[in-house]
Amino acid sequence: MGQVIARVISQKGPCEAGHRVCDEFVIGDHTPPGMCAWAFYTLFPFASVLQFGGTFPWESDPDKATVACPDPANPVVFELRRT
């Protein structure tokens with residue numbers, strides 16, 4: 001089982017959780033300290049796929065996934081990377 005790091009790669013508009021580009025979080029079974037719970041709940045299924053060796057056919061790199069938080073007016077985009 002691999003470790004997955006979530007890194008903020010884009011942030012548009014005001015983020016209520018205060019996320020900024022370059023913030024990083026280790027994704028596990030619980031919301032990491034300082035991470036928005038809504039973002040975590042959105043990222044978790046993708047992180048689980050990566051943790052257990054899965055890939056996404058739309059990604060050019062099998063060790064990553066790009067996922068946006070659910071706020072359509074102020075999206076924070078995360079890159080999930082399997083290490």
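Predicted model: local features only at pLDDT ≥ 70, side-chain atom pairs only at ≥ 80, totals over all residues.
Trainee: Which strands pair with strand 1, and in what sense?

Mentor: Take the pairings one at a time. Strand 1, residues 4–11, pairs with strand 2, residues 24–27, in the antiparallel sense over four bridges. Strand 1 also pairs with strand 4, residues 76–82, again antiparallel, over seven bridges.

Trainee: Where is R20, and is R20 buried or exposed?

Mentor: R20 lies in the loop that runs between strand 1 and strand 2. Its relative accessible area is 56%, and exposed means over 50%, so R20 counts as exposed.

Trainee: Which residues touch the most other members of the largest nonpolar core?

Mentor: The general idea is that in soluble globular proteins, nonpolar side chains tend to be buried together. Here the largest such core has 19 residues, and those touching the most other members are A6, I27, M35, L43, F78 and L80. At least two core residues come from each of strand 1, strand 2, helix 1 (37–51), strand 3 (64–68) and strand 4. Helix 1 contributes the most, with five residues.

Trainee: What does L43 touch, leaving out residues up to four places away in sequence?

Mentor: On that count, L43 is in contact with A6, M35, V67, F78 and L80.

Methods: Residues numbered from 1 in each chain as written. Heavy atoms only, no water. Pairing = 2+ DSSP bridges. Buried < 20%, exposed > 50% of the residue type's maximum accessible area, 1.4 Å probe, protein only. Core = buried A, V, L, I, M, F, W, Y, C linked by side-chain atoms within 4.5 Å. Contact = heavy atoms within 4.5 Å.
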